[in-house]
Amino acid sequence: MPRDIPVGNGQLLITFDALYRMRDIYYPHVGRYNHTSGHVQRFGVWADGKFAWIEDSGWTRELRYKADTLLTDVRLVNESLGLEIVCHDCVDFSDAIFFRRFDVTDLAGKPRDVRLFMHLDLSIAENPVGDTANYDPSTNGVVIYKQDHYFMANAADQHKNGIDHWAIGTKRVGGAEGTWRDAEDGQLGRNAISQGSVDATVGFNMQVPANGSTSLHAWIVCGESYDDVKGLNTKILDTGPERMMARTEAYWRLWCRKEPTDTSILPERVRDLFYRSQLLMRTQIDSGGAIIAANDSDITQFGGDHYSYCWMRDGALVTYGLILTGQSELSRNFFRYCARCIEPGGYFLHKYSPTGALASSWHPWMLQGQRILPIQQDETALVVWALRKHFETFRDVEFIKDLYVPLIAKPAEWMLEYRDHNGLPLPSWDLWEERRGVHTFTVAATIGALNAAADFATEFGELDRAAAFREGAERMRGAMKRHMFHEQAGRFARLVQPLGDGTYRLDMTCDSANYSLFAFGAFDAADERITSEMRALRDRLWIKTDVGGCARYERDYYHQIEHDDLEAIPGNPWVICTLWQAQHAIAIAEDAETLKKEVLPLLEWAVDRAEPSGVLAEQFHPRTGDPISVSPLTWSHSTFVIACMEFVRKYHALTSKPQTAHA
């Protein structure tokens, strides 16, 4: 089930599913650890002898955010209970505190005895062994802890501080379902402590007047010690939970509107998703610099692993979106993280954990008895390319100084070494992580990186390096024309395989990744070969159903839905692939009307695919439009942001309209 309305601050990330059940709690890093292991954290309501969990069919749910902020706006109605509940969730912008405000309204026209129950099914540090849960009488809250991870659940209303009910017990041991079952009669057993594979349920009493409303604030605080969580609990009570939530709401509005970019040319719903996408990107970025691909634990059921890692390619392209929107602090953090991760040889391996450790991989170090580098070369190249975009925007010379050798010069020199006799890169894995060869995407990204490194080297006075990097890029571009372009087809191959005699076997499968030919500066977007390429990709990869959108490539097997009519449905539509078409249309537009005509429908396609909250998945069902794979995908949102920013800039350039702040 796709994740929706995530809230976070770079050290604590909370995700919900489409039924408004909390599913993931990541702390102290975005992506590490997931202290729920994906298990459902239940939320239930008891009223006048009736009980309903939020996943029950009697509820109608609207899951959204307040505009331009990371404060949720969730409306829940249960006609059988005669209640409406409006919930606002957020993670404090500074501290590791998750807040939830409940506004409960009677719909039955009579005074109500209402009890809310929150269930915590933690597996601390992703392991249920050795956890402890206990009721803390000094705070009237429940603390669950193991080693240096502590969590406290507590609440307050206008009359009192602390929870009214609690149950602590075992789960998934000896047939025990968990303490959540204890809530269904409106009472909890008040066991004081339990250890091992434990869970806890806490409850709050609310007296709701006839046709009126009553409010309550609940929270979960996270820390490294008992004193940490007790201290944060005290801070909440001293400051006031409402005040802390209000300042968090204001902070995120300031954050996403910090730059005075005139976005008035964008249709309102496109503009709304533009700002929402920036905020959703932020929830997936760790304060230590790692940009996580996605934090949706349900994907582990598909492949036994997840997306809670930093791929440097994804990170670099997401960072480009951050650069375009002026988020220089986050882009600097990412490049510092890259400098910590890069291998001594000047390249990146497959992917990395949020803390910078080498992550799981399926790329072998030996193939057919020969030692190989288990890399995707485009990941190294795109970090250099993105760093140049950062510097061209912010001109922060002091920042670049320490990164010049490890993150620019050494990677560029490695890219020159890692070439065949024709000047093309040696084989590596593709951006889809499925094939090994010499890929158009990789070659284009490497050309962009070598030119970026040449610009840096020129500015640092190393003219010999600059000349070598520039010559390497030009030679690679020439080799690309000679060996990767098929004259009869009028298209570039998606990859070529060396045959051992200086020639290559071409794979002419249409692949959306060939947008790279113009995206990183290898060729001009208006070059006849590039326009022909992009037309062919659009014709062959557009989904010919009411859903529309572009597939990754012909006969794409990943989460494949359609197996028969592959002409109409070559694969599932992806946000990034569809918006790559938009980026090309932006690049070649010569007048404002053509720009709007060609690009806005593609941006609106992405809006149509988003959840009501604005969350975008990786890909979608080609017939129903339902989200498939992980959600939200950070790359989907960053590509939408990039396309919007490129559209706005191109429009202003074509109309010579000065940019002013949009009201």
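Author: Helices (H or I, at least four residues) and strands (E, at least two) are DSSP runs, numbered from the N terminus. This is a predicted model, in which local features need pLDDT of at least 70 and side-chain atom pairs count only at pLDDT 80 or more, while totals for chains, interfaces and linings use all residues. Residues are numbered from 1 along each chain as its sequence is written, and side-chain values use heavy atoms, with hydrogens and water left out.

Reader: Between which helices is the loop of Arg395 found?
Author: Phi of Arg395 is near 50°, a positive value in a residue other than glycine. The loop that holds Arg395 lies between helix H7 (377–394) and helix H8 (397–401).

Reader: Does Arg395 count as buried or partly exposed, and at what relative accessibility?
Author: Buried means under 20% relative accessible area, exposed over 50%, and partly exposed in between (1.4 Å probe, protein chains only). Arg395 therefore counts as partly exposed, its relative accessibility being 47%.

Reader: What is the phi of Asn140?
Author: Most residues other than glycine have a negative phi. Asn140 is found in the loop between strand E12 (131–136) and strand E13 (141–146), and it is partly exposed because its relative accessible area is 29%. Its phi is positive although the residue is not glycine, with a value near 60°.

Reader: What is omega for the cis peptide bond that joins Tyr27 and Pro28?
Author: Pro28 has its place in strand E3 (residues 22–29). For the cis bond between Tyr27 and Pro28, omega is about 5°.

Reader: Why does Ser308 count as buried?
Author: Ser308 is found in the loop between helix H4 (300–303) and helix H5 (312–324). It counts as buried because its relative accessibility is 3%.

Reader: The side chain of which residue is joined to that of Ser308 by a polar contact?
Author: Contact means heavy atoms within 4.5 Å; neighbours within four places in sequence aside, Ser308 is in contact with Tyr26, Gly31, Ile292, Ala294, Asn295 and Pro354. A polar contact is a pair of N or O atoms within 3.5 Å; within protein, one must be able to donate a hydrogen and the other to accept it, and residues adjacent in sequence count only if both atoms are side-chain atoms. At 2.8 Å, such a contact joins the side chain of Ser308 to that of Asn295.

Reader: At what angle do H5 and H16 pack?
Author: Axes are lines fitted to C-alpha atoms, for helices over the stretch in contact, and angles run from 0 to 180 degrees between N-to-C directions. The axes of H5 and H16 are 9 Å apart, and the angle is about 40°.

Reader: How far apart are Glu471 and Ala454 in space, C-alpha to C-alpha?
Author: Glu471 has its place in helix H11 (residues 463–484) and counts as partly exposed because its relative accessibility is 45%. Glu471 and Ala454 are 17 residues apart in sequence, and their C-alpha to C-alpha distance is 9.2 Å.
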